[in-house]
Amino acid sequence: MNIGGLDRRIVVQIAGTAANDYGESVKTWSTYTTVWAQIERKPAAIEKNSGEQIVSVNNVVFNIRYSSTTTNINATYRISYGGDIYNILGVHEVGRNDMIRLITELIE
């Protein structure tokens, strides 16, 4: 792994629940960890139906260092980077405790 390539700061967020003013449970997001990442942008984008509208989906791969904290990341988490939110589709360990590859999608 080229450590010098980890030049982007990303925030990994975890889902939680909180009660609103009416006592109903609402989904909330809080910071799980902030890490340095390398970004691999996929050149292709696709369109898919979301409800009754067509949205553009861009796949982005974030490579981060392996650690005891980052091994817990799974598809229920999400990434915040550059004002955008990325849904995690898959998590792959690369090498032996070397790097974690987060395959995500940015829905526009």
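Modeller: In this predicted model, a residue is called buried under 20% relative accessible area and exposed over 50%, with partly exposed in between.

Colleague: Arg78 is buried yet has no salt bridge, so which side chain of opposite charge is nearest?

Modeller: Arg78 belongs to strand 4, residues 78–81, and a salt bridge would need a side-chain nitrogen of the arginine within 4 Å of a carboxyl oxygen of Asp or Glu. The nearest side chain of opposite charge is 11 Å away, and it is that of Asp84.

Colleague: With which side chain does Arg78 make a polar contact of 2.6 Å?

Modeller: Beyond its neighbours within four places in sequence, Arg78 is in contact with several residues, among them Val11, Val12, Trp29, Ile85 and Tyr86. The polar contact of 2.6 Å joins the side chain of Arg78 to that of Gln13.

Colleague: Which residue stands opposite Ser80 in strand 5?

Modeller: Strand 4 runs antiparallel to strand 1, with 3 bridges between them, and Val11 has Ser80 as its bridge partner in strand 4. Strand 4 is also joined to strand 5, residues 84–94, by 4 bridges in the antiparallel sense. In strand 5, the residue opposite Ser80 is Ile85.

Colleague: Which residue takes a positive phi in the hairpin of strand 4 and strand 5?

Modeller: The hairpin has 2 residues between its strands. The positive phi is near 60 degrees, and the residue that takes it is Gly82.

Colleague: How many residues does the largest nonpolar core have?

Modeller: Both faces of strand 4 are covered, with Arg78 and Ser80 buried on one side and Ile79 and Tyr81 on the other. Ile79 is, with Ile10, Phe62 and Ile64, among the residues with the most contacts inside the largest nonpolar core, and Phe62 touches both Ile10 and Ile79. The number of residues in this core is 17.

Conventions. Residues numbered from 1 in each chain as written. Predicted model: local features only at pLDDT ≥ 70, side-chain atom pairs only at ≥ 80, totals over all residues. Heavy atoms only, no water. Buried < 20%, exposed > 50% of the residue type's maximum accessible area, 1.4 Å probe, protein only. Lys, Arg positive; Asp, Glu negative; His and termini not counted. Polar contact = N/O pair within 3.5 Å; in protein donor to acceptor, adjacent residues only side chain to side chain. Contact = heavy atoms within 4.5 Å. Pairing = 2+ DSSP bridges. Core = buried A, V, L, I, M, F, W, Y, C linked by side-chain atoms within 4.5 Å.
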